[in-house]
Amino acid sequence: MPLLGLLPWRAWAALLSQLLRPPCASCTGAVRCQSQGTRDLSPQHMVVREKILDLVISCFKRHGAKGMDTPAFELKEILTEKYGEDSGLMYDLKDQGGELLSLRYDLTVPFARYLAMNKVKKMKRYHVGKVWRRESPTIVQGRYREFCQCDFDIAGQFDPMIPDAECLKIMCEILSGLQLGDFLIKVNDRRIVDGMFAACGVPESKFRAICSSIDKLDKMAWKDVRHEMVAKKGLAPEVADRIGDYVQCHGGVSLVEQMFQDPRLSQNKQALEGLGDLKLLFEYLTLFGIAEKISFDLSLARGLDYYTGVIYEAVLLQTPTQAGEEPLNVGSVAAGGRYDGLVGMFDPKGHKVPCVGLSIGVERIFYIVEQRMKTKGEKVRTTETQVFVATPQKNFLQERLKLITELWDAGIKAEMLYKNNPKLLTQLHYCESTGIPLVVIIGEQELKEGVIKIRSVASREEVAIKRENLVAEIQNRLSES
């Protein structure tokens with residue numbers, strides 16, 4: 001059964017032309033402009049979004065995670081210096097009494113603050129919530145300034161690479177379940193990245209800045225990244241060229257073995273530790289049956305400052321576009337890694353709690369599904385109504401209210417038109433247009449005989465049953481559908 005139902009193409013064409021229009025030069029009135037990097041979500045959008053979130057959250061729960069939430073804003077000092085160069089993308093709130101606050105940039109730093117504040121040493125959690133980033137929105141790639149994140153994290157002291165492997169397994173389960181097409185998860189280790197920088201001659205003071213540049217390789221060509229490192233960040237050209245030799249390497253566990261023999265990396269203690277953990281990680285990934293989905297990629301850097309060990313990022317593999325489809329280029333759809341030092345930054349005594357986690361890029365996934373809906377003609381229901389209460393005659397409002405109350409009290413999803421004397425044809429057309437499967441009809445004849453008519457909207461077949469058997473009959477029909 002397909003994950004999502006779809007709207008008619010004409011309806012989606014009209015909707016998407018509104019959603020994906022170019023940003024306007026200015027906004028007036030009450031209409032929210034897309035140039036703000038935000039969006040309104042229609043009932044059709046929400047059906048898709050809820051199905052995606054249900055699948056993601058059910059996977060998190062299957063792996064034993066507990067739900068939690070944190071405030072939408074934090075003290076600015078809590079968030080600053082945790083994101084490196086990206087700290088400039090935070091939304092700061094106006095000072096209203098001495099407290100400097102910022103909207104949360106991600107769900108990871110607030111989680112680390114929560115662990116430290118509550119002295120929690122071990123936890124497996126999931127968190128779904130909005131975050132805000134002051135970056136240039138790319139609406140046609142599913143990139144917004146306000147967007148939803150779905151995070152899964154494991155906090156606590158455990159044996160190496162077991163939690164990390166489970167995070168990658170969860171990523172594979174979710175991306176496979178969403179049926180987005182073939183995907184690949186790139187993995188690396190921050191210690192290997194830092195060891196590579198040291199071996200290539202990058203000054204330690206420039207590690208994080210150069211890491212931020214390398215992180216752009218999924219969006220920029222190597223020559224542009226090299227130019228940024230040399231021209232803007234003052235890196236020696238020959239050092240940049242040495243880095244270029246490494247960042248073109250990607251493969252499986254055999255590449256890990258090869259890097260153990262590399263003349264430069266093999267001399268760096270940090271890099272060797274990272275390579276050792278990656279080798280162990282691939283053993284667990286093989287046991288989980290997902291090793292073929294994982295690629296050791298030396299170009300993966302993950303620019304956020306708080307990562308300390310294994311890092312990973314999932315990308316969809318480009319497939320030939322079908323007729324009417326536009327090529328999709330949305331970047332990564334999931335990412336994460338190990339951040340063992342972040343909790344200690346919030347603890348007065350510096351006590352550390354090792355953590356590893358992942359984040360699912362729901363907005364980008366949502367965009368992909370939207371694009372596919374645009375090219376197909378299936379229908380999506382915006383309500384879950386199971387039964388419609390109708391009458392063919394006037395002055396039957398009280399009987400309809402009694403009947404619908406009986407259905408609601410039995411847990412059946414039901415509705416009716418808010419009119420005293422609606423026309424039967426109008427009521428039946430409403431059911432057909434909204435996809436309600438069953439209609440129960442009560443009129444003078446039915447009331448006199450103590451029966452109710454049940455009509456199948458799809459087949460238009462009607463059957464009369466005793467009033468006292470109505471709920472049982474409907475529940476039986478719904479269980480069979």
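This is a predicted model: local features need pLDDT of at least 70, side-chain atom pairs count only at pLDDT 80 or more; totals for chains, interfaces and linings use all residues.
Strand β6 (residues 183-189) and strand β9 (residues 310-316) run antiparallel to one another and are joined over 7 bridges, and within this pairing Leu184 has Val315 of β9 as its bridge partner. Of the 481 residues in the protein, 49% are buried, and among contacts between residues at least 6 apart in sequence, 69% join residues at least 24 apart.

**The sheet of nine strands**

- The pair β6 and β9 belongs to an open sheet of 9 strands, whose order is β1-β4-β5-β11-β10-β9-β6-β8-β7 and whose pairing is mixed.
- The edges of this sheet are formed by β1 (66-67) and β7 (250-251), each of which pairs on one side only.
- As a general point, the strands of a sheet pair through backbone hydrogen bonds, and they do so in either a parallel or an antiparallel sense.

**The sheet of five strands**

- A further open sheet is built from 5 strands in the order β13-β12-β14-β15-β16, and here too the pairing is mixed.
- At its edges stand β13 (414-415) and β16 (462-466), and because each has a single partner strand, one side of each is left without a neighbour in the sheet.
- Strand β12 (residues 387-390) runs parallel to strand β14 (residues 438-441), and 4 bridges join the two; along this pairing Val387 stands opposite Leu438, while Ala390 has Ile441 as its bridge partner in β14.
- Strand β14 is also joined by 4 bridges to strand β15 (residues 451-456), this time in the antiparallel sense, and in this pairing Val439 stands opposite Arg455 of β15.
- Both faces of β14 are covered, with Leu438 and Val440 on one side and Val439 and Ile441 on the other, all of them buried.

- Is Lys121 buried, exposed or partly exposed? Lys121 has a relative accessible area of 45% and therefore counts as partly exposed, since that value lies between the 20% under which a residue is buried and the 50% over which it is exposed.
- Lys121 and His351 are 230 residues apart along the chain, and their C-alpha atoms are separated by 9.7 Å.

**His45 in helix α2**

- His45 is placed in helix α2 (residues 43-62), and with a relative accessibility of 1% it counts as buried.
- The side chain of His45 makes a polar contact of 2.8 Å with the side chain of Ser42, and a polar contact of 3.5 Å with the side chain of Arg39.

**Residues with positive phi**

- Most residues other than glycine have a negative phi, and two residues of this model are described here with that background in mind.
- Gln179, in the loop between α5 (162-177) and β6, has a phi near 55°, which is a positive value in a residue other than glycine.
- Asn395 likewise has a positive phi, near 60°, and is a residue other than glycine; the place of Asn395 is in the loop between β12 and α13 (397-409).
- Is Asn395 buried or exposed? Asn395 has a relative accessible area of 70% and so counts as exposed.

Notes: Residues are numbered from 1 along each chain as its sequence is written. Side-chain values use heavy atoms; hydrogens and water are left out. Buried means under 20% relative accessible area, exposed over 50%, partly exposed in between (1.4 Å probe, protein chains only). A polar contact is a pair of N or O atoms within 3.5 Å; within protein, one must be able to donate a hydrogen and the other to accept it, and residues adjacent in sequence count only if both atoms are side-chain atoms. Two strands pair if DSSP finds at least two bridges between them. Contact means heavy atoms within 4.5 Å.
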